[in-house]
Amino acid sequence: MQYFRLHAPHGGIRRGILKTPHGNIHTPFFMPIATRGAVRNISPDELRNLGAEIILSNTYHLIQRPGLAVLEKHGGLHRFMRWDGPLLTDSGGYQVFSLAKRRKITPDGVTFQSEIDGSSIKLTPESVIDAQLTIGSDIIMVLDECPPHPCSYEYAEQSLATTLRWAERSKKHFEKRMKQKRVSPTRRPLLFGIVQGGVYKKLRDQSVRALTALDFDGYAIGGLAVGEPRSIRNKVVSWNTALLPSDKPRYLMGVGKPEDIVDAVQRGVDMFDCVIPTREARHGRTYVWTKRKITSGNSWYSIVNVRNEKYKFDTKPLDAKCPCFTCKSYSKSYLRHLFSVQEVLGLRLTSDHNLAFYLTMMRELQRKKTPRSTEAP
RNA sequence: GUGAGCGUAGUGUAAUGGUUUAGCACGAGAGUUUGUGGAACUCUUAGAGCGGGUUCAAUCCCCGUCGCUCACC
């Protein structure tokens with residue numbers, strides 16, 4: 001079964017279709033984040049209207065609440081949250097990095113102390129595969145360790161060794177489960193490996209080679225967007241995409257700002273997720289087009305902070321040309337008011353707009369010629 | 001009307017006859033946010049009701065005035 005069909009790419013952009021049990025997705029694409037089974041402030045209906053083709057959720061969070069038993073009772077997260085499109089779940093590997101204060105990494109897996117009730121939770125490569133199968137994920141991520149930046153060569157090397165052992169166990173366990181459950185090719189979720197190796201070319205290359213030997217359905221580029229400079233990130237992405245098989249999707253985890261995504265798309269990345277559009281929306285920061293087309297760097301858009309006093313009497317929408325619900329109906333003055341009185345409608349309206357911006361950007365990238373990058377590959 | 005008390009940033013408060021640049025909290029204004037952070041943090045802003053007196057020196061002590069609160073009538 002071929003899951004990914006790559007059209008003739010033009011420029012550096014890989015236009016293609018990724019097939020999943022819950023539908024097809026056009027690349028390059030962006031996944032709104034629904035960590036705990038909901039995109040914050042946005043309903044699945046609204047997501048569909050915005051044109052989102054896939055969303056991302058998180059195994060680590062779902063295991064704790066509502067718990068796998070509840071999800072099993074509902075027949076999976078799709079039916080629980082009423083989203084019937086493709087769904088990718090992160091394994092919890094990133095929480096090893098982001099919640100580093102309360103974790104313990106052993107060769108077998110990772111033990112966390114729950115921030116909810118203090119109980120300890122153990123994740124192993126096998127357990128997170130099983131959890132994601134219970135969740136009903138369309139794209140399953142392996143457990144990985146995401147080292148911080150900066151990190152020494154020695155640490156990155158050791159961390160990578162752990163991640164690669166886990167990847168092998170993940171693949172083996174996944175195949176075993178598919179065989180046991182006799183999953184048909186059209187119902188079979190995709191399994192993605194995650195490239196690590198810090199900012200060291202030797203380790204990154206080694207990581208790609210080891211993962212491709214295991215033959216995953218797609219490959220994520222992990223360990224980036226953790227505070228490294230943009231130039232280093234672009235360099236690492238280029239190393240990885242140069243070596244990854246072209247007939248499999250590539251996913252740059254956690255990236256990023258609009259210009260970061262453009263940079264990565266030009267370097268042959270197909271998939272993205274990031275908290276920026278929804279998180280910043282909750283703090284009043286909205287993204288608006290200033291040019292008709294995507295050009296270099298960040299010169300083609302600007303950020304409008306609706307909390308700013310200068311919008312107090314501004315009766316115009318965020319972006320008169322934006323097709324989103326918010327821009328069709330509401331002024332910046334009203335949005336500012338909603339934020340100043342802390343009405344939750346404000347969070348919803350700016351989240352809706354920012355997702356519209358990101359999804360429009362991806363559609364532009366899908367059909368436009370390669371925008372000029374500000375930086376050489 | 002009589003008596004008592006109180007007047008310090010937008011709001012609520014603290015200390016003090018002089019090394020105190022009148023402190024704190026909230027608010028307001030601006031910023032940071034990359035496999036979630038409705039959070040957190042950084043920076044900025046803004047104050048002695050008014051008039052007079054005592055004193056080397058008054059936000060502080062005294063008098064008047066204005067305003068507010070409470071009690072009594």
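I started with the exposure of Gln342: it is exposed, because 8 other C-beta atoms lie within 10 Å. The model is predicted; local features need pLDDT of at least 70, side-chain atom pairs count only at pLDDT 80 or more, and totals for chains, interfaces and linings use all residues. Residues are numbered from 1 along each chain as its sequence is written, while chains are lettered from A and ligands numbered from 1 in the order in which they are written.

I then placed Gln342 in the loop between helix 13 (332-340) and helix 14 (344-367). Helices (H or I, at least four residues) and strands (E, at least two) are DSSP runs, numbered from the N terminus. Phi of Gln342 is near 60 degrees, a positive value in a residue other than glycine. Most residues other than glycine have a negative phi, and most peptide bonds are trans.

I looked up Arg182 next. Its phi is near 50 degrees, also positive in a residue other than glycine. Arg182 sits in the loop between helix 7 and strand 11 (190-195), and it is exposed, with 7 other C-beta atoms within 10 Å.

I checked two cis peptide bonds. One joins His149 and Pro150, with omega about 0 degrees; Pro150 is in the loop between strand 10 (139-141) and helix 7. The other runs from Val255 to Gly256, with omega near 0 degrees, and Gly256 is in the loop between strand 13 (250-252) and helix 10 (258-266).

I went back to helix 7 (residues 153-181) for Lys171. Lys171 is partly exposed, with 19 other C-beta atoms within 10 Å. Not counting residues up to four places away in sequence, Lys171 touches Leu191, Leu214 and Phe216; contact requires C-beta atoms, placed from the backbone, within 7 Å. The C-alpha atoms of Lys171 and Leu191 are separated by 7.7 Å, with the two residues 20 apart along the chain.

Strand 1 pairs with strand 2 (residues 16-20) over three bridges; strands pair if DSSP finds at least two bridges between them. Phe4 has Leu18 in strand 2 as its bridge partner.

Conventions. Buried ≥ 20, exposed ≤ 12 C-beta atoms within 10 Å, placed from the backbone. Contact = placed C-beta atoms within 7 Å.
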